[in-house]
Amino acid sequence: MVIRNAKQSDLDEIARIESICFPQGQAAGKEAFKARLLSFPNHFMLMCDEYGKVVSFINGFTTDLPDLTDEMYEDAYLHDENGEWQMVFGLCTLPDFRQRGFAQRLLKEFIRTAKIQGRKGVVITCKQELIRYYEKFGFVSEGVTNNSVIGGVQWYQMRIRL
């Protein structure tokens with residue numbers, strides 16, 4: 001398995017995987033991914049199998065703002081390459097490739113890269129059932145966030161300081 005940065009040519013596959021991993025109303029659309037790939041391709045990592053097929057991805061921009069908001073998901077141009085915080089907008093793995101450590105490898109690489117780049121930390125929002133998963137990586141729950149109401153569900157903000 002290989003980790004690489006995403007390219008515009010990956011757009012259709014990324015949008016397809018997102019639609020499988022998140023229900024409608026929570027999944028980002030193709031246009032959002034197009035903007036993200038234009039704005040912050042160096043913060044968009046893919047895990048590919050030996051044939052080059054994308055099986056998992058992680059993405060998010062950097063900003064000086066400490067909290068992840070719905071506006072960030074919608075406006076990729078808020079990205080600040082010199083931002084103090086690495087946000088995570090999504091971590092997706094195709095169902096047939098789950099439970100093999102691919103998401104774990106991507107997340108660890110994302111965190112490692114943020115540390116090398118001198119970021120203060122990494123911020124993610126997740127549903128309650130994933131809090132324990134992210135805690136294994138050093139993320140600390142900051143509780144329910146009022147900054148994100150995507151899909152009408154309750155999101156918890158988590159942060160790891162580097």
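## Close-up views of a predicted model

**View 1. An open sheet of five strands runs in the order β4-β5-β7-β9-β8, with mixed pairing.** β4 (62–63) and β8 (140–144) stand at its edges. Each has a single partner strand, so one side of each is left without a neighbour in the sheet. Strands here are DSSP runs of E with at least two residues, helices are runs of H or I with at least four residues, and both are numbered from the N terminus. Two strands count as paired if DSSP finds at least two bridges between them. Strands of a sheet pair through backbone hydrogen bonds, either parallel or antiparallel.

This is a predicted model, and residues are numbered from 1 along each chain as its sequence is written. Local features need pLDDT of at least 70, side-chain atom pairs count only at pLDDT 80 or more, totals for chains, interfaces and linings use all residues, and side-chain values use heavy atoms, with hydrogens and water left out.

**View 2. Strands β7 and β9 run antiparallel.** β7 covers residues 121–126, and β9 covers residues 156–161. How many bridges join β7 to β9? Six bridges do. T125 stands opposite Q157 in β9.

**View 3. Helix α4 (residues 102–116) lies across β5 (85–88), β7 and β9.** The helix runs at about 160° to β5. Axes are lines fitted to C-alpha atoms, for helices over the stretch in contact, and angles run from 0 to 180 degrees between N-to-C directions. Contact means heavy atoms within 4.5 Å.

**View 4. Strand β2 (residues 44–48) is mostly covered.** Five of its five residues are buried. Buried means under 20% relative accessible area, exposed means over 50%, and partly exposed lies in between (1.4 Å probe, protein chains only). Which residues cover the two faces of the strand? F44, L46 and C48 are on one side, M45 and M47 are on the other, and all are buried.

**View 5. β2 pairs with strand β1 (residues 2–5) and with strand β3 (residues 54–59).** With β1, the pairing is antiparallel over four bridges. I3 has M47 as its bridge partner in β2, and R4 stands opposite L46. With β3, the pairing is antiparallel over five bridges. M47 stands opposite S56 in β3. β2 and β3 form a hairpin with five residues between them. G52 sits in the turn, with a positive phi of about 90°.

**View 6. Helix α1 (residues 11–21) has buried residues L11, I14, A15, I17, E18 and C21.** Why do they line one face of the helix? Seen down the axis of α1, they fall within an arc of 165°, so they line one face. The arc is that of the directions from the helix axis to the C-beta atoms. These buried residues pack against α2 (30–39), β2, β3 and β6 (90–93).

**View 7. D80 lies in the loop between α3 (70–74) and β5.** Is D80 buried or partly exposed? D80 counts as partly exposed because its relative accessibility is 29%. D80 touches T62, T63 and D64, not counting residues up to four places away in sequence. D80 and F57 are 23 residues apart in sequence. In space, C-alpha to C-alpha, they are 21 Å apart.

**View 8. The whole protein has five helices and nine strands.** From the N terminus on, the elements run β-α-α-β-β-β-α-β-β-α-β-α-β-β. The C-alpha atoms fill a box of roughly 40 × 30 × 30 Å, taken along the principal axes. Buried residues make up 49% of the 162 residues. Among contacts with a separation of 6 or more, residues 24 or more positions apart account for 65%.
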